[in-house]
Amino acid sequence: MTTATHDHDHAHHGPAKGITRWLYTTNHKDIGTMYLWFSFAMFLLGGTFAMVIRAELFQPGLQLVQPEFFNQMTTMHGLIMVFGAVMPAFVGLANWMIPMMIGAPDMALPRMNNLSFWILPFAFAMLASTLFMEGGAPNFGWTFYAPLSTTYAPPSVTFFIFAVHIMGASSIMGAINIVATILNMRAPGMTLMRMPLFVWTWLITAYLLIAVMPVLAGVVTMMLMDIHFGTAFFNAAGGGSPVLFQHVFWFFGHPEVYIMILPAFGIVSAIIPAFARKQLFGYSSMVYATASIAFLSFIVWAHHMFTVGIPFLGEAFFMWATMLIAVPTGVKVFNWVTTMFRGSMTFETPMLFAVCFVVLFTIGGFSGLMLAVAPADFQYHDTYFVVAHFHYVLVPGAVFSIMAAVYYWLPKWSGKMYNETLGKVHFWLSFVGVNVLFFPQHFLGLAGMPRRIPDYALQFADFNMISSIGGFLFGASQLLFLYIVVHTIVAGKPAKAKPWDGAEGLEWSVPSPAPYHTFETPPDIDKAPQLDRKEP
Amino acid sequence: MSEHRTDTERKSGGHHSVVVKSLLAVVGMLAFVFVGLVPMYNLICEWTGVTGRTTGASEVQNFVVAEDRPIKVQFLATNNADMPWEFRPMVKQVTAKPGELVQVNFYARNKTRRDMTAQAIPSLSPFESTPYFHKTECFCFNQQPLAAGEDVEMGLVFQIDPDLPDWVRTISLSYTLYDITEQQEVASAKP
């Protein structure tokens, strides 16, 4: 009801003026924009922390920062990038694109949408403020294992806990909103199996969020009780167990890593067909593969803890279950490659990022397969090999997919075309930077360099210096990204309603920039032949 | 054709039911963490003995003593971080036959100038022997208060189940001593 009246009120004029537009907005496009800018700000903040880390590791020995501060940097970098950069970016994309892709006028619950965005800046202000507190910011790693995060934690841990509570509430509200939108607000004729894959992957991601964000909230609440109320969930002296922490954390943490990659699969599945000028190969197998990955994510958590002392059978189970994930993931990679096969491909910036995603994400997947082998993991555990693995799936994986999405949909959002040459320069700098940054870390890890240390033995010096140079290059090229986006919005050439030849989907049927309100009357899906999913 | 319902039809009650179901799932998962996962973890540990955490006292049982099967039982005593007591087993190793009742003692001395309370937490290796290692008396069942400078000999009486898997020849029993003085004060201040 609320949505209906709102739409009528504003049907004939644009957004409100001034700051109140952004504070009070219930418009999915405004909220999506805010999410995306917020996530970019967090990307730069978390990136700054990463620069501190790489600068310290440029040479062996302690040069710039003390070990205590170094630990705060690794912790804050991980927390800000996971919860502040990657997750809000995907929620922002969901806000912008899902209603336009399914032919809905807005998100299902616009006021909750406003709330779920506006509590985020407070959560991250609180988290970032711990850097200036006595005892420093959280220093126990983004996985905050007990008892490091309980018995031995700095006093600021309580602020960290409440920040995580707020982020969790925001994610849960966002997820409920997305589920309600997708289930209830599709235009007539938009059946589930005709939805774009980005919508499908987000529907499944939203279910994952609803299932595991409460687990995260639960585990930090147990920490809070252990620290302040004398319980002993994770304290062996009181009959608890620190290993319990790891089980509960990774029961949340493993689905969380798929929360950060499934929407990326959706983005890539939209971009590759557009620039290969072919329909996506194996649409329904993509849907089932996504659902299988989501299901498997709940039964593999202990592969993060092979070395804590799990019985042989447990190690075997978690090892095989983990390797099983390679099957649906392989289906996806196969489908993307087959979509490109004999297509009329062109390589505009979004396609470059998307193709690069397929290749580099697969490298990250293969190192994940190596880590899944329990006996081998005893060697790799807590080394730079793990760092290289998850950065390969998160940076040229999740982050590149977000950049691809920004280049792909920016003409629709802003009504302006970005500078193709600059976009390509940004891509090649990022591509070279990211590989110089993370590829040597595989070798460092295999040679035995542990993670989360500010200093290292001399034999690791060369690869660390190369890695740091790559890091600086990658970091600096993101400033170019900022410039490109701002330049497009301010001075870009006007974009057509459908700037990409082979692009599919309802979002291209509205003008560019997308009007403040779209699809107030549902579009007729059956007259949009490009949406017909019949496979040859 | 359900997929051809109009927009308004879908909306009526649709959002409400999605929100209610989702919130129920959220509350359910939250409850599952506290009343599901945590007790499940403890139960699994108890059944399988994975963590080597031996549980409460058991009754003395009339096993037939397996005379021909000596089991080496080794004792370890460790202080947790910052625990200043002296803590050691009085004998480092005994040979126990399955079925027989064996008594050993641990020594603890509070070297500080303040009264303290400690709690010993056991761990057994190999963990497969945990369900076959019965303690009839153990200092780890209780907290141990010691006044400044005071010392104590703490007893442990155990019995090994003759069903112990054949491959087990040596059992290591480790105790870690935790300083729980502060938790004690908090607990005694509450009522």
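In this predicted model, chain B meets chain A through 30 residues, which are in contact with 32 residues of chain A. On the chain B side, four elements each put in at least two residues: helix 1 (7–11), helix 2 (14–48), strand 5 (116–125) and helix 3 (181–189). Helix 2 of chain B supplies the largest share of that side, 15 residues.

The unreviewed UniProt entry labels residues 20–41 of chain B as "transmembrane region". In the model, that span of chain B is 100% helix and 0% strand, and the C-alpha atoms at the ends of residues 20–41 sit 30 Å apart.

Elsewhere in chain B there is a sheet to look at. Here 4 strands make up an open sheet, running in the order 2-4-8-6, with antiparallel pairing. Strand 2 (86–89) and strand 6 (133–138) of chain B are the edge strands; each has a single partner strand, so one side of each is left with no neighbour in the sheet. Going from one strand to the next, the twist averages 25°. As for the partner of strand 2, the pairing is with strand 4 (residues 101–109) of chain B, in the antiparallel sense and over 4 bridges. Zooming in on that pairing, B:F87 has B:A108 in strand 4 of chain B as its bridge partner.

Two packed helices are described by the angle between their axes and the distance between the axes. For helix 15 (residues 384–414) and helix 16 (residues 420–446) of chain A, the axes come within 7 Å and cross at roughly 165°. With angles over 145 degrees counting as roughly antiparallel, helix 15 and helix 16 of chain A are therefore roughly antiparallel to each other. Their crossing in chain A is left-handed.

At residue level, helix 15 of chain A brings residues including A:Y384, A:F385, A:H391, A:Y392 and A:Y407 to this contact. Helix 16 of chain A answers with a set that includes A:G423, A:V434, A:F438, A:Q441 and A:H442. The residues in the contact of helix 15 with helix 16 of chain A divide into 13 nonpolar and 5 polar, with no charged ones.

Methods:
Residues are numbered from 1 along each chain as its sequence is written. Chains are lettered from A and ligands numbered from 1 in the order in which they are written. This is a predicted model: local features need pLDDT of at least 70, side-chain atom pairs count only at pLDDT 80 or more; totals for chains, interfaces and linings use all residues. Two strands pair if DSSP finds at least two bridges between them. Axes are lines fitted to C-alpha atoms, for helices over the stretch in contact, and angles run from 0 to 180 degrees between N-to-C directions. Two residues are in contact if their C-beta atoms, placed from the backbone, lie within 7 Å. Angles under 35 degrees count as roughly parallel, over 145 as roughly antiparallel, 65 to 115 as roughly perpendicular and the rest as oblique. A crossing is left-handed if the near helix is turned anticlockwise from the far one by less than a right angle, and right-handed if clockwise. Ala, Val, Leu, Ile, Met, Phe, Trp, Tyr, Cys and Pro count as nonpolar, Asp, Glu, Lys and Arg as charged, and the others, Gly among them, as polar. UniProt positions are given in the numbering used here, feature names are shortened, and annotations may be inferred rather than shown by experiment.
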